[in-house]
Amino acid sequence: MTMDKYILGIETSCDETAASVVKNGTEIISNVVASQIDSHKRFGGVVPEVASRHHVERITMVIEEALSQADMEPEELTAVAVTEGPGLVGALLIGVNAAKAFAFANGLPLIGVHHIAGHIYANRLVQEMDFPLLALVISGGHTELIYMESHGSFDVIGETRDDAAGEAFDKVARSLKLPYPGGPHVDRLAQESRETVQFPRVWLETESYDFSFSGLKSAVLNHLHNAAQRGEEADPAAIARGFQESVVEVVTGKTVRAAEAYGVRQVIAAGGVAANKGLRTSLQAAFAEKGIPFYIPPLPLCTDNAAMIAAAGTVMYEQGIRSTMAMNGRPGLILQSWKEKSGFSV
Amino acid sequence: MTWLGIDTSNSPLAVGLVKDGVTLIEETSNLKINHSLTAMPAVESLLHRASLKPGDLTHIAVAQGPGSYTGVRIGMTIAKTLAWSLGLPLVPVSSLKILAANGRYFNGMICPIIDARRGTVYAGTFKGPSLLSAEPEAHQELSDLLGRLETAEGTILFAGSDASQHEETIRNALGDRALFLGSHNRLPRASELIRLAMEETPVNAHAAVPEYRRLAEAEANYLKARKGPAT
Ligand SMILES: [Zn+2]
């Protein structure tokens, strides 16, 4: 007989204060996200010090809300999982120290989770994983292709060499004077536009699964600059569509090529940019054609949340991985396979 | 009554346990190691050595700032999470007052100072030996503080390690009226934090927040820009 495992997840790596209870790594019992977006809007982006201040104001209320929505007492929990990194250091420290104090007060095991592992395991909350699989993690901070042979084995086969995709979306949105956060506005304009401005596709070396978005972003800025110099009015919707088409074509192309080369049984997408309609539609169509099962979690599980941290934390718990009271927030934490990690993390 | 006290608001780490008014154990380390690495292990070790469990605690005291933004938040996050998890009263105490308490038997004005860079300090003044607040705590130019103290009366005892960092400037302004606590008496002590906390009212753990005494830089710039250029 196996006992049910209830893991409390805590996530504060950027501008969402989040806590969640997940059962057996697959079932969301509660999922609370306190967004700070309204506070950061006026600055045109996330201000780390402001984010950290909000986290400390809300952290215990958010955890309490997650427990109360789950209708659970701390002693019914199996363990506490928290985002250890990467992310904004001041923001990470709030979640990490709250998780440590909560685990200590309640005598619970503590598990430090890599944020990207969390994004990947968000999928397990809607669809069981089938290995080997390929994960596309695409967000404001990340653009990575990760090959997984089994639970907790991560092989980063491609990553961005400059901006993350979401970062490029935000910068282009700003140059088009769209409100923060700009990604969804670019997506909306791109869907609406009939016209398109042609921008280059950056494929890098033929064999590479890496990405580069800074050249594309510069091409958009140049286009705007040239239009202004000629005294012409630029068409923001056509620019948004042209930019998005370039990102979508390259990301889809590389993801499909990697999936075929590695012979995976499943492809999953995760991260805030995976919510982009243009990208979703393109990936779905491409993998339907290839006959490879493809999944994207629903929007609230694509963006930062704590259920994904609890989901990844559950499998880490099952693999015997634990953290100590000396766990730190690690802004530059690298994604490692858990078996390698467990060798020296205890 | 068993109090746990935590101060991570500046570079020293001070933790301690006081049971029924008697200090069981207290530690101050000045090794400048990241509080996130050391604070919870220190709490764990303290309780272990005192043969206590988290559930044996009855009160939590915490230094609530001003100080290093990150440092203040680490202590506050740990303290409020422990207090809420264990259902205990939480008492935040000013980090400046904790430093002033090292000179609490001085019969005159005590001025704790925490450096805030670029010629500015966090400071306030307290009357010894009652430690009643005389001048409210604020983030200010050191020169403004000294300007006001020049016109005050009597000797002034400066407290905290950062006061000695500015000793020359302070002596230039106040001459013999400025006294300084010795180097063995400049670091925060958890037993003093707890003693001060016993005199104050507990707060709701959820609502407990640091006292930064200063806006985030982006916030200050935003407010300045909204008011428009100064005329
Ligand atoms: Zn994320």
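Student: Leaving aside neighbours within four places in sequence, which residues is A:Ile63 in contact with?
Tutor: This is a predicted model, where local features need pLDDT of at least 70, side-chain atom pairs count only at pLDDT 80 or more, and totals for chains, interfaces and linings use all residues. Residues are numbered from 1 along each chain as its sequence is written, chains are lettered from A and ligands numbered from 1 in the order written, and side-chain values use heavy atoms, without hydrogens and water. Contact means heavy atoms within 4.5 Å. By that rule, the partners of A:Ile63 are A:Leu8, A:Ile10, A:Ala19, A:Ala98, A:Phe102 and B:Trp84.

Student: In S4(A), what is the bridge partner of A:Gly9?
Tutor: Strand S1 (residues 6–11) and strand S4 (residues 79–85) of chain A pair in the parallel sense over four bridges. The partner of A:Gly9 in S4(A) is A:Ala81.

Student: How many salt bridges cross the interface of chain B and chain A?
Tutor: The contact takes 34 residues from chain B and 31 residues from chain A. A salt bridge is a side-chain nitrogen of Lys or Arg within 4 Å of a carboxyl oxygen of Asp or Glu. A:Arg42 forms one with B:Glu219, with the closest N and O atoms 2.7 Å apart. Across the interface, the rule finds two.

Student: Is A:Ser193 buried or exposed?
Tutor: A:Ser193 sits in the loop between helix H6 (183–192) and helix H7 (214–229) of chain A. Buried means under 20% relative accessible area, exposed over 50%, partly exposed in between (1.4 Å probe, protein chains only). A:Ser193 has a relative accessible area of 10%, so this residue is buried.

Student: Why are A:Lys41 and A:Asp38 separated by about one helical turn?
Tutor: Their side chains meet in a salt bridge (3.6 Å, N to O). Helices (H or I, at least four residues) and strands (E, at least two) are DSSP runs, numbered from the N terminus. The separation is about one helical turn because A:Lys41 and A:Asp38 are three residues apart in helix H1 (residues 37–41) of chain A.

Student: How many residues apart are B:Glu192 and B:Arg104?
Tutor: B:Glu192 forms a salt bridge with B:Arg104, the closest N and O atoms being 2.8 Å apart. Both residues are buried. B:Glu192 lies in helix H7 (residues 190–198) of chain B, while B:Arg104 lies in the loop between helix H3 (95–101) and strand S6 (109–115) of chain B; the pair links distant parts of the chain, 88 residues apart.

Terms used: Pairing = 2+ DSSP bridges.
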